[in-house]
Protein chains: 2
Amino acid sequence: MEKKIINLGIFGFGVVGQGLYEVLNRTKGINARIKKICIKDPNKTRPIDSSFFTTDKDEILNDPSIDVVVELINETDAAFDIVSTALRNGKAVVSASKRMIAENMEALYKLQVENKVPFLYEASSCASIPIIRNLEEYYDNDLLNAVEGICNGSTNYILTKIFEEHRSFETALQEAQDLGFAETNPTLDIEGYDSKFKIVILLLHAFGTFVKPEEVFNFGIHHLNDFDIQFARQRGCTVKLIGAVRRENGHVFAYVLPHLIKEHNLLFDVYNEYNGILLESAFTDKQFFVGKGAGGTATGSAVLSDISALLYNYRYEYKKIKQNNQPHFTNNVVLNVYLRYSSPAQVNLEQFESISEKYESPTFRYVVGKINLKDLQTAKWLTDKGVNVLVIE
Amino acid sequence: MEKKIINLGIFGFGVVGQGLYEVLNRTKGINARIKKICIKDPNKTRPIDSSFFTTDKDEILNDPSIDVVVELINETDAAFDIVSTALRNGKAVVSASKRMIAENMEALYKLQVENKVPFLYEASSCASIPIIRNLEEYYDNDLLNAVEGICNGSTNYILTKIFEEHRSFETALQEAQDLGFAETNPTLDIEGYDSKFKIVILLLHAFGTFVKPEEVFNFGIHHLNDFDIQFARQRGCTVKLIGAVRRENGHVFAYVLPHLIKEHNLLFDVYNEYNGILLESAFTDKQFFVGKGAGGTATGSAVLSDISALLYNYRYEYKKIKQNNQPHFTNNVVLNVYLRYSSPAQVNLEQFESISEKYESPTFRYVVGKINLKDLQTAKWLTDKGVNVLVIE
């Protein structure tokens with residue numbers, strides 16, 4: 001065990017940055033201290049001494065006494081620039097920027113290999129759940145079949161309020177925003193992009209396969225209406241936004257889609273801003289991880305765990321990339337879905353391989369049937385706000 | 001990353017040993033092979049070639065080409081003897097023997113320090129759930145408050161059958177035994193000893209405090225009757241056997257006791273042989289881990305994960321012991337319990353600090369009230385089969 005004191009240079013002092021500051025302050029026995037925090041707006045009032053702050057990124061990136069760069073900003077391109085410069089300068093990096101990481105996985109992997117420095121990002125996927133670490137360390141030999149679950153706290157909060165407290169979508173969204181779980185522009189959350197970035201990261205650590213976010217289909221909860229909610233309730237189900245990665249016949253597929261979830265499913269009881277991830281493997285069947293998926297201290301605590309791991313020279317080994325038997329990514333897989341619409345012209349039912357249920361009324365219609373994920377991905381009719389789709393397991 | 005091939009010497013070829021063999025055989029990319037298996041009975045028919053087997057433990061312990069000793073036998077003293085000899089001989093050791101480990105924690109810790117060799121035992125606590133690893137690595141800085149949950153697969157199987165399928169205790173126990181989840185002598189499971197051994201191990205990794213099993217109170221599900229089951233159902237609850245470790249006011253307490261569990265509690269939906277562990281911490285609130293707690297391949301897979309970790313030079317750092325601010329162990333804590341009995345002479349209600357409910361009928365009586373754990377621990381009246389206690393949260 002190496003005993004050293006780590007000097008931290010932090011980029012960004014928003015919810016996560018302040019959460020990290022608080023967590024670091026209240027944690028005894030960690031040999032890390034903040035040396036500098038780089039922010040955009042020097043005139044904003046800050047809760048800590050102004051001597052900590054700078055607006056010049058080079059004050060961190062070029063300071064040889066700073067060992068670890070912690071990147072917690074919102075702009076994807078700027079974040080990638082900071083992270084890659086820091087890695088090239090031989091600094092270890094911790095980041096929580098799921099979008100930036102998902103979009104640049106392969107480049108970031110190469111930068112780590114070339115510069116022989118660790119890059120940790122546990123906070124980027126499901127905040128407080130140590131899922132990347134467990135996929136890396138503990139599930140390195142087990143024959144994993146699937147990683148799936150709830151990986152976006154704000155949509156789960158909204159769905160909980162709708163199903164448990166009978167709130168409207170709009171009221172629930174407003175509440176999530178007031179509590180800081182949802183961004184002011186909630187598109188990334190409610191349309192499933194945020195979940196997708198996490199799924200792309202988990203896919204790499206679970207199976208060793210690089211996939212670009214644009215290859216993975218995402219559809220969120222933005223089309224959900226009262227009729228769908230009624231449909232779910234009548235079947236004793238709730239709706240959860242699910243990110244899924246699954247290996248089948250030597251291939252791996254992934255998507256983000258709302259699912260009907262039955263009461264005995266472990267995911268049914270994951271409420272509010274909590275996330276829940278189910279792993280399926282050959283030897284252990286199901287394993288399930290639940291924890292807070294949003295909030296400053298939950299995310300800050302994950303960042304701190306990464307910093308602490310660096311003290312012990314931890315790095316992701318990416319063993320599954322090195323084992324060189326990664327499954328190929330595919331979207332060619334058949335899903336069983338509920339499709340709700342109003343008039344036949346809105347959808348293309350011919351794309352269904354089979355239809356097991358059909359319902360018609362003057363206001364709404366639905367079918368339950370099997371459709372290929374490839375066809376969902378390219379279906380223009382799914383952009384119609386009057387059409388919704390839910391996976392039925 | 002060090003690439004090497006590990007030679008394994010295995011003690012025991014029962015359910016877990018055979019599970020490990022199967023898991024190892026079906027796992028590509030692990031650089032470990034079985035060199036020798038030490039067994040007691042050379043005449044038993046074995047599923048693999050007899051050249052693997054020996055009855056002489058020194059053939060493993062004194063073989064310099066064997067890097068890792070895997071101890072999977074049932075006898076506590078013999079297991080401790082094997083493990084300590086192996087450590088002294090400079091071999092890394094993997095074990096699944098919770099009782100042996102719990103009873104010898106301090107000696108085993110010292111042996112690791114003195115001989116500078118790793119000793120891993122993830123399979124000893126909650127089989128397939130990587131709880132020790134996560135307490136060691138991921139929750140090293142977070143301010144943990146509690147570790148509690150279902151850590152015995154066979155009692156959970158029995159309770160599931162009783163509550164979900166209205167089986168009698170006896171039928172459910174028989175089924176658990178038939179499926180290999182419960183030992184032929186089920187006392188250790190149903191009286192809570194097995195859970196206690198795990199709790200003692202988790203307590204060390206969560207808080208850095210050494211506690212002997214005899215200091216921790218355990219009471220199982222062996223007194224549960226139809227009246228108790230009825231009582232739980234009327235309150236919309238189920239019963240789960242809970243092992244708990246909780247920090248309060250600079251002290252830590254622990255126990256194993258059956259709990260009434262409400263429907264919205266995450267532990268409610270942990271069924272059959274599955275285990276579920278809830279962590280509570282200052283920054284992340286609740287985190288929850290679920291996985292199979294019994295069965296050959298689930299446990300074998302945990303053993304294999306330890307073996308694989310040794311390939312990467314992993315060892316438990318026992319950081320919380322080294323941080324030197326461990327909480328002291330205490331049993332001085334007040335619990336809210338349901339106490340069922342038949343006649344007032346059977347119990348000593350004066351030991352209750354307060355009583356909030358009282359029920360009397362010609363057959364059964366109960367009180368709900370607050371009692372100190374110390375008094376429960378020394379209560380002779382709790383050995384009366386006609387008396388039962390359940391914690392109400």
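Student: Which ring does the charged end of K319(B) sit over?
Tutor: The charged end of K319(B) lies over the ring of Y312(A), 3.9 Å from its centre. A charge sits over a ring if NZ of Lys or CZ of Arg is within 6 Å of the ring centre and within 35 degrees of the ring normal. This is a predicted model, in which local features need pLDDT of at least 70 and side-chain atom pairs count only at pLDDT 80 or more, while totals for chains, interfaces and linings use all residues. Residues are numbered from 1 along each chain as its sequence is written, chains are lettered from A in the order in which they are written, and side-chain values use heavy atoms, with hydrogens and water left out.

Student: What does the charged end of R133(B) sit over?
Tutor: It sits over the ring of Y314(B), 5.0 Å from the ring centre.

Student: Now the interface. How many residues of chain B are in contact with chain A?
Tutor: In chain B, 52 residues are in contact with 51 residues of chain A, where contact means heavy atoms within 4.5 Å.

Student: And how many salt bridges are there between chain B and chain A?
Tutor: There are two, a salt bridge being a side-chain nitrogen of Lys or Arg within 4 Å of a carboxyl oxygen of Asp or Glu. One salt bridge joins the side chains of D285(B) and K292(A), at 3.0 Å from N to O.

Student: Which element gives the largest share of the side of chain B that touches chain A?
Tutor: Strand 12 of chain B does, with eight residues. Helices (H or I, at least four residues) and strands (E, at least two) are DSSP runs, numbered from the N terminus.

Student: Changing topic: how many aromatic pairs are there over all chains?
Tutor: The count is 38. Rings of Phe, Tyr and Trp (its six-membered ring) pair if their centres lie within 6.5 Å; planes under 30 degrees apart count as stacked, over 60 as edge-to-face and the rest as tilted. Y139(A) and F289(A) are an edge-to-face pair, 6.5 Å centre to centre with 80 degrees between the planes.

Student: Where in chain A are Y139(A) and F289(A)?
Tutor: Y139(A) is in the loop between helix 6 (131–137) and strand 7 (144–150), whereas F289(A) is in strand 12 (residues 285–292), so the pair links distant parts of the chain, 150 residues apart.

Student: Is Y139(A) buried or exposed?
Tutor: Y139(A) counts as buried, at 1% relative accessibility. Buried means under 20% relative accessible area, exposed over 50%, partly exposed in between (1.4 Å probe, protein chains only). F289(A) is also buried, at 2%.
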